[in-house]
Amino acid sequence: MLQIKNFRKSYNSHVVLQIDTFTITPGIYWVRGSNGSGKSTFLKALAGITSFEGDIILNERLNIKKQSVAYRSVVNFAEAEPIFPEFLTGIELIRLFKSAKNVSSHQEDFYLESMHMTSYVNDPVSTYSSGMLKKLSLVLAFLGRPTCILLDEPLTTLDVESLPILYSWIARQCHQQETIVLLSSHQAFEGGLLPTVQEIVVEHTTIRYNS
Ligand SMILES: Nc1ncnc2c1ncn2[C@@H]1O[C@H](COP(=O)(O)OP(=O)(O)OP(=O)(O)O)[C@@H](O)[C@H]1O
């Protein structure tokens, strides 16, 4: 469970997001809002990579500010437009993430094979197209034993064949362990491929459930 309390994020003293209290229980959530509404800001705050006022607490014990290392070890984030060191190969980045997340198994094999990435995962990321970079960032977001997975604009640059594969990863993850999965998009969710999906709307500098 994620609890957000007295949250406020400003850029140059301009408030872009304010949330009094908001609770997210395990499940799949479609975070929808128009351009500039604050979706990325919200996910970056939950990922612990942008500063904010207030508290974010995971499972009633991991405060993002007080237990930041433990919090981040179970919260994975895929950026909307991922940028990686160009000289590293995909597999080197995966190994780096695995060591940070204390993963010893060949957990990545399932993701690389199902997303048909084995032919280029040993190449430097400087040679990757934007869709290939996106797929690599999605693999990284599933490594370890995350209890929260944050995917910012995962549909952007992903080809139509890859979308059902990503959705199957999400369904598998939620089946194996209680997980909060947040996917942001400016588009409405087209159902069918995922189990129950709830919608969180970002608008008017705050968030709400779309019930
Ligand atoms: N680094 C920054 N400095 C100043 N303002 C910023 C910064 N990042 C975001 N903003 C502002 O915060 C607001 C929310 O931006 P954010 O990127 O979170 O929106 P978004 O909903 O993800 O948009 P999009 O769908 O276009 O990606 C916008 O008004 C944006 O101009």
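Modeller: Here is a chat about the fold, the ligand site and a few backbone details.

Biologist: Before we start, what kind of model is this?
Modeller: This is a predicted model.

Biologist: Okay, how many helices and strands does the protein chain have?
Modeller: The protein chain has 6 helices and 10 strands. Along the principal axes, its C-alpha atoms fill a box of roughly 45 × 35 × 35 Å.

Biologist: And how does the radius of gyration of the protein chain stand against a compact globule?
Modeller: They agree: a compact globule of 211 residues would come out near 17 Å, and the protein chain has 17 Å. Of those 211 residues, 34% count as buried.

Biologist: What share of the contacts between residues at least 6 apart joins residues at least 24 apart?
Modeller: That share is 73% in the protein chain.

Biologist: Switching to the ligand, which residues surround it?
Modeller: The shell has Tyr11, Val16, Gly33, Asn35, Gly36, Ser37, Gly38, Lys39, Ser40, Thr41 and His186. By type, they divide into 2 nonpolar, 8 polar and 1 charged.

Biologist: Which element gives the largest share of that shell?
Modeller: Helix H1, residues 39-47, with 3 residues.

Biologist: Nice. What does H1 pack on?
Modeller: Let me start with the sheet. There is an open sheet of 4 strands in the order E2-E1-E4-E5, with antiparallel pairing. Strand E2 (14-24) and strand E5 (62-63) are at the edges with a single partner strand each, so one side of each has no neighbour in the sheet. H1 packs on this sheet and touches E1, E2 and E4, its direction making about 60 degrees with that of E2.

Biologist: How many bridges join E1 and E4?
Modeller: Strand E1 (residues 2-11) and strand E4 (residues 53-58) pair over 5 bridges, in the antiparallel sense. Lysine 5 stands opposite aspartate 55 in E4.

Biologist: New topic: which residue has a positive phi of about 50 degrees without being a glycine?
Modeller: That is glutamate 153. Most residues other than glycine have a negative phi. Glutamate 153 is in the loop between strand E7 (148-151) and helix H6 (162-176).

Biologist: Is glutamate 153 buried or exposed?
Modeller: Glutamate 153 is buried, because 21 other C-beta atoms lie within 10 Å and the cut-off is 20 or more.

Biologist: What about threonine 157, where does that sit?
Modeller: Threonine 157 is in the loop between E7 and H6. Threonine 157 has a positive phi too, about 70 degrees, and is partly exposed, with 17 other C-beta atoms within 10 Å.

Notes:
Residues are numbered from 1 along each chain as its sequence is written. This is a predicted model: local features need pLDDT of at least 70, side-chain atom pairs count only at pLDDT 80 or more; totals for chains, interfaces and linings use all residues. A residue is near a molecule or strand if its C-beta atom, placed from the backbone, lies within 6 Å of it. Helices (H or I, at least four residues) and strands (E, at least two) are DSSP runs, numbered from the N terminus. Ala, Val, Leu, Ile, Met, Phe, Trp, Tyr, Cys and Pro count as nonpolar, Asp, Glu, Lys and Arg as charged, and the others, Gly among them, as polar. The radius of gyration is taken over C-alpha atoms; the globule rule is 2.2 Å times the number of residues to the power 0.38. A residue is buried if 20 or more other C-beta atoms lie within 10 Å of its own, exposed if 12 or fewer, and partly exposed in between; C-beta atoms are placed from the backbone. Two residues are in contact if their C-beta atoms, placed from the backbone, lie within 7 Å. Two strands pair if DSSP finds at least two bridges between them. Axes are lines fitted to C-alpha atoms, for helices over the stretch in contact, and angles run from 0 to 180 degrees between N-to-C directions.
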